[in-house]
Amino acid sequence: MQTSNKIRMAISTCPNDTFAFHGILDRKVDFLGLDFEIELLDIQQLNVGLFQDRFEVAKASFHAAAVLSERTLVLPSGSALGFGVGPLLLSAKEGASPDNALTSPGCTRTLCPGEFTTAAMLFQLFYGEAIGLKKTRVAHQLFSEIMPSLKERSADFGVCIHEGRFTWAEEGLFLVEDLGTRWERETGVPLPLGGILARRDLKQETLARIQRVIRSSIVYGLEHREETLPTMRKYAQEFNDKVLMAHVDLYVNDWTVELGEEGRNALSVLSQKAIEQRIMSPSQAAIEVYQP
């Protein structure tokens, strides 16, 4: 069990995280006696780091949360979920689709941003038949390299996340499907993308303080939006302030401040989908949200 006040915490470099954690990164909020050691990493690096027990607290995809449900808890604050927030399946060729043999003859190549990302889970959920029939094979690549690979035609399809969600058209790429819209249509609940996971072996009092600090940081960002821009620019792939704020407006919402009942229900649906895909065993604990 964690006994010191040092907390190894990691978040992603995407604008919604650097916006939400600006208050912590610039020490604008009370740390409540905790000593945060913070790393900023790509989402797949965050997922892998949690599997390796490198962090006490980290942002992770909810796909990873499903796999790690017996070792971690989801904190009530810091999640990215909602309607209209899903990853986009893009194509290098207009009219092509991974499950359409006419437009995609032979075995095509689809890029996902990491094995344990929610984006990869959604592609598996909706295009599992195409994968099984070998119409497409999945490869994993850093999220910021997916659109360049499509433009270079070294891949046929790519599941796009983060800032690229706003810039794909001007890059000359084509939309196959909004995977989030499909999730909403088939489940009726907001799409859970990622959240803040904490190790279950942390003391309850420590968990409570971490949760309070994170919530305070999110509220600080929402109350000081312009102040967060230099922090977002420092780590973002896209430096256009309008794009950065559009990203924040899409991914930082009331569920980021507090998951609430609807957010918890969305995680229950995700757990059930993970069982259906055999990502989780039926006997495995469901994704659990920490209750302060």
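Student: In this predicted model, is Cys14 buried or exposed?

Tutor: A residue counts as buried when its relative accessible area is under 20%. Cys14 has 3% relative accessibility, and therefore counts as buried.

Student: How many disulfides does the structure hold?

Tutor: A disulfide calls for two cysteine sulfur atoms within 2.5 Å, and the structure holds zero of them. For Cys14, which is in no disulfide, the nearest cysteine sulfur is that of Cys160, 13 Å away. Cys160 is likewise in no disulfide, since the nearest cysteine sulfur, belonging to Cys112, lies 11 Å away. Cys160 is also buried, with a relative accessible area of 4%.

Student: Which residue stands opposite Cys112 in strand 8?

Tutor: That residue is His140. Strand 7, residues 108–112, and strand 8, residues 136–140, run parallel and are joined by five bridges. Between strand 7 and strand 8 the chain passes through helix 5, residues 118–132, and this β-α-β crossover is right-handed.

Student: How should I read a helix, and which residues of helix 9 are buried?

Tutor: The general idea is that an α-helix has 3.6 residues a turn, so residues three or four places apart point the same way. In helix 9, the buried residues include Thr206, Leu207, Ile210, Ile214, Ser217, Ile218 and Gly221. Arg209, Gln211, Val213 and Tyr220 are buried as well.

Student: What distance does helix 9 reach from its first C-alpha to its last?

Tutor: Helix 9, residues 204–223, has 20 residues and reaches 29 Å between those two atoms, which is close to the 28 Å expected at 1.5 Å a residue.

Key: Residues numbered from 1 in each chain as written. Predicted model: local features only at pLDDT ≥ 70, side-chain atom pairs only at ≥ 80, totals over all residues. Heavy atoms only, no water. Pairing = 2+ DSSP bridges. Helix = DSSP H or I, 4+ residues; strand = E, 2+ residues; numbered from the N terminus. Right-handed = clockwise from strand over helix to strand, strands pointing away. Buried < 20%, exposed > 50% of the residue type's maximum accessible area, 1.4 Å probe, protein only. Expected span 1.5 Å × (residues − 1).
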